[in-house]
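Subject: Structure handover

Hello,

Here is the structure I said I would pass on. Please open it first; my notes on what was found come after it.

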Amino acid sequence: MKALVCLAVVIFLSFAAVVVSGQHVLPNLDNVRVGSPAYGPDNVTQHSGYITINGTFENGAHLFFWMFESRSNPASDPLVIWLTGGPGCSSELALFSENGPYFINKDLSLSINPYSWNTFANIIFIDQPVGTGFSYADSVLDYVVDEKQVAQDLYVFMQNFYLQYPKYNKLDFFIIGESYAGHYVPAFGYRVLQGNRNKDGPFKINMKGLGIGNGWVDPYRQYPAYAEYAKSNGLINEAEYVAFEAAAITCQGLIDIANEVPGVWIAALEECQLMAVGVLAAMSATLGYVANPYDWKIPCQYPPLCYNFDDLTKFLAQSSVKKALGVTGHDWSACSMTVHTAMLGDWISNLDIHIPNVLASGTRVLVYSGMLDYICNYMGGAAWTDSLKWNGQQGFNAKNVTNWNVDGKLAGFLKSYQGFSFLEVLNAGHMVPMDQPKAALAMLRQFLRGAL
């Protein structure tokens, strides 16, 4: 196995605070330290470090990122920003376990991922909201609580990123994320539309597409899909299904009230989550093991995330690694309960409301879902995509589902109309690029090229 090496000069990046006046972004690059890192065996240009954005209190929100240029043609290949969900889970989880350039070996060396998404795209992995992963805040008041704040932080991040690296601004830009990023992606996409229209920042963002993988988008439509999904896979009996279906109706009723009455979200979230956890418990009883909510066909061996990320934690705890990435004085964690708790009031909000505007602007939207995932299952995805009210709704719903093949083999099922696509991926759970890396890379290629 190839040992971990540092191929060039490492980077220590730090950005000064951005001043925000209303919604207008005025970047400031005082105290910037820029280098040219190349960390690990992938022989591409990399950038890593922090961009400090305007926080709620004393401008103290520091977002960590790690960017890899494309292995193909970085001067013209699209720029993708990847958002891991949670809320509060680090994008390094994806970088090392799903669609990034590296895998971590048992001896904590790095090996190349041949299916990395930087095969033909420039890609930014970002720890956000602030407090996630290596990102940190100077005050707890800088933690975000809703998607408007999330989107604003990401918009300011990209403005300062382009200011530091203007050559990437000419590239097509795609926002892609997973799980709770079903909230982040539409919110950020809509903020980009607003920013481009109102000229909120010095850079127009050349947004071409949004991608949502196994996303938590519309809770009203997705909560009832838990019982439906479990029943369809023979994981609960009829009596259990009837009981959970009734609980789902109560859940939906509380969500409706919560949209009108402040504070009701607490009761709604509690009721809805009890129902979702109850279905999972019934599934576990049927299966005879603790069901993995991210792939029900395998046990949850390492709760709460179910997968073993010990090597990743050890790798990112190394002082040499943190120094190379521009991290000083901050420890990495897979998921932050502080961030998660701060965002609880956002959980039952519906973020598909922004997608019609995105589609109307000519920006394509891909929704994809591994079919073995329970927690953000494809039935819930089908429910909200079919219910989405947009100019092409009638045509989308009239389209037949077609087989989606990769290298001549069936890899999933696709419905697509006028730039809006819903893809079900076979033999994949919550993290499609981890379970089906070849299919995920083919999906990305088609999406970036406008063929999906």
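Strands, as the word is used below, are DSSP runs of E with at least two residues, numbered from the N terminus. The model is a predicted one.

Cavity

Rolling a probe the size of a water molecule over the atoms shows where empty space is left. The structure holds 1 cavity of 30 Å³ or more. The space in the largest cavity comes to about 40 Å³. Its lining consists of Asn214, Gly215, Val367, Tyr368, Ser369, Cys376, Asn377, Gly381, Trp384 and Phe422. Two elements give two or more residues each to this lining, namely strand 12 (364–370) and helix 12 (378–387). Strand 12 supplies the largest share, with 3 residues. By class, the lining of the largest cavity divides into 5 nonpolar and 5 polar residues, with no charged ones.

The largest pocket holds about 960 Å³ of space. It is lined by 37 residues, and the closest to its centre are Gly86, Tyr294, His340, Trp347 and Ile375. Helix 1 (92–97), helix 7 (265–287) and helix 10 (337–342) are the elements that give two or more residues to this lining. Which helix gives the most to the lining of the largest pocket? That is helix 7, with 5 residues. The lining of the largest pocket has 27 nonpolar, 8 polar and 2 charged residues.

Helix 5 and its contacts

Helix 5 (residues 225–232) and helix 6 (residues 238–258) have axes that come within 9 Å and cross at roughly 170°. Angles over 145 degrees count as roughly antiparallel, and helix 5 and helix 6 are therefore roughly antiparallel to each other. Helix 5 passes helix 6 in a left-handed crossing. On the helix 5 side the contact is made by Ala227, Glu228 and Lys231, and on the helix 6 side by Glu238, Tyr241 and Phe244. By class, this contact of helix 5 with helix 6 has 3 nonpolar and 3 charged residues, and no polar ones.

Helix 5 also packs against helix 12, where the axes come within 8 Å and cross at roughly 130°. That angle makes helix 5 oblique to helix 12. The crossing of helix 5 and helix 12 is right-handed. Here Ala225, Glu228, Tyr229 and Ser232 of helix 5 meet Tyr378, Met379 and Gly380 of helix 12. The residues of this contact are 4 nonpolar, 2 polar and 1 charged.

Helix 6 and helix 7

Are helix 6 and helix 7 roughly parallel or roughly antiparallel to each other? They pack at an angle of about 160°, with their axes 8 Å apart. Helix 6 and helix 7 are therefore roughly antiparallel. Helix 6 passes helix 7 in a left-handed crossing. From helix 6, the residues in contact are Glu240, Phe244, Ala247, Ala248, Thr250, Cys251, Leu254, Ile255 and Ala258. They meet Trp265, Ala267, Ala268, Glu271, Cys272, Met275, Gly278, Val279 and Ala282 in helix 7. By class, the contact of helix 6 with helix 7 has 14 nonpolar, 2 polar and 2 charged residues.

Regards

Methods
Residues are numbered from 1 along each chain as its sequence is written. This is a predicted model: local features need pLDDT of at least 70, side-chain atom pairs count only at pLDDT 80 or more; totals for chains, interfaces and linings use all residues. Side-chain values use heavy atoms; hydrogens and water are left out. Axes are lines fitted to C-alpha atoms, for helices over the stretch in contact, and angles run from 0 to 180 degrees between N-to-C directions. Helices (H or I, at least four residues) and strands (E, at least two) are DSSP runs, numbered from the N terminus. Angles under 35 degrees count as roughly parallel, over 145 as roughly antiparallel, 65 to 115 as roughly perpendicular and the rest as oblique. A crossing is left-handed if the near helix is turned anticlockwise from the far one by less than a right angle, and right-handed if clockwise. Contact means heavy atoms within 4.5 Å. Ala, Val, Leu, Ile, Met, Phe, Trp, Tyr, Cys and Pro count as nonpolar, Asp, Glu, Lys and Arg as charged, and the others, Gly among them, as polar. On a 1 Å grid over the protein atoms alone, a cavity is a set of points where a 1.4 Å probe fits but cannot get out, and a pocket is an open set with protein on both sides within 12 Å along at least five of seven lines; lining residues have an atom within 4 Å of a point. Grid points are joined across faces, edges and corners, and a volume is the space filled by probe spheres set on the points.
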